[in-house]
Amino acid sequence: LNTGPHLERADITAFESSRGQFDFIAANLTAAYNSTIYAEPGSAAKVSLVTRQFLYLRTEEAFLVHDRVDTTNPAYVPKFLLHTLSKPRSATESLLVGSGPDDGILESRDHRFTSSHGRGVLTQIVLLPSEARTLKIGGPSFNGYVEADGDQSNGFNGVNLQPETPAKPGESKQVGLWRAEVGPTTAGDRHRFLNVLLPRLATDSRDLPHVENVEAGPDADAVRVGGTVVVFARRAEPLATIVLQGSNIEQCLVADARRSGAYRIDGRTVTASPEGVLVIAWPSGARSLKIEAADPGAAKESVQP
């Protein structure tokens with residue numbers, strides 16, 4: 001498989017499905033970009049790490065997308081893109097370029113967006129970056145807009161790749177007519193993205209689950225969705241110690257535990273799965289939870305190739 005000329009763009013680093021609870025997949029996508037692993041001839045390496053962790057919580061009917069992007073230059077601005085068939089709606093927005101709110105490039109500092117089409121409604125909640133800027137790009141003159149020079153710092157001077165025959169909504173398969181581009185507002189060479197996507201039928205009158213960031217220490221990103229707290233590692237390596245605060249929580253799911261690793265919780269020992277997923281029932285009445293590797297000196301794993 002790995003002999004002779006071949007193109008290798010990604011590695012699946014973890015996969016686990018628990019019936020009735022969750023589905024989880026993680027991938028290292030670094031080689032899919034001009035990177036320190038491989039850059040196309042004549043192109044500069046722009047990233048040294050790109051990973052994506054995708055978790056679906058079945059009870060909460062929520063998709064969590066956690067991305068790590070390390071760039072080779074603090075001036076490079078990575079973005080999380082979400083393509084939709086209708087314009088993402090939010091509480092506030094301002095028109096930057098274009099003819100109006102339904103055809104152009106708009107900016108929003110909101111963290112909650114809603115898109116609808118046909119019988120479906122999708123709510124996007126942006127948790128990371130904590131200070132995010134989201135561009136809504138779409139409409140007849142902008143649905144195929146790209147930056148010709150790849151740099152928005154010098155203004156929106158790109159081109160629309162479908163200027164004459166823009167796609168129209170229909171019942172068949174369609175390309176996205178709009179997209180939301182979530183990006184950081186501060187420069188840096190290490191960025192983390194965490195988005196929660198809540199798909200629903202338009203006729204579904206149930207309240208959406210409560211979603212909020214949870215403090216988990218300097219090494220982890222954590223989010224509460226309904227009664228579940230999910231923890232991701234900020235670095236592409238397993239977590240050794242996690243301290244969480246909260247109440248009325250049902251369970252905690254650690255996506256970056258040590259594979260088959262033992263952890264101490266409230267005087268007892270629990271073991272992560274071979275894929276590095278640790279699921280813990282939240283102790284009744286507890287307002288905090290400390291999760292600590294039973295062998296802190298164990299060698300660290302890494303998802304980097």
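Arg109 comes out as partly exposed, with 48% relative accessibility (partly exposed sits between buried, under 20% relative accessible area, and exposed, over 50%, with a 1.4 Å probe and protein chains only). This is a predicted model, in which local features need pLDDT of at least 70, side-chain atom pairs count only at pLDDT 80 or more, and totals for chains, interfaces and linings use all residues. Residues are numbered from 1 along each chain as its sequence is written, and side-chain values use heavy atoms, leaving out hydrogens and water.

| Pair | Closest N to O |
|---|---|
| Glu93 and Lys87 | 2.7 Å |

In that last pair, Lys87 is buried at 4%, while Glu93 is partly exposed at 33%. The whole structure has 17 salt bridges.

Now the sheet. Five strands make an open, antiparallel sheet, ordered β5-β13-β10-β7-β6 (strands are DSSP runs of E, at least two residues, numbered from the N terminus; two strands pair if DSSP finds at least two bridges between them). Its edges are β5 (80-84) and β6 (94-100), each pairing on one side only. β6 pairs with β7 (residues 103-108) over five bridges, and Glu107 in β7 is the bridge partner of Ser94.

Note on methods
Helix = DSSP H or I, 4+ residues; strand = E, 2+ residues; numbered from the N terminus. Salt bridge = Lys/Arg side-chain N within 4 Å of Asp/Glu carboxyl O.
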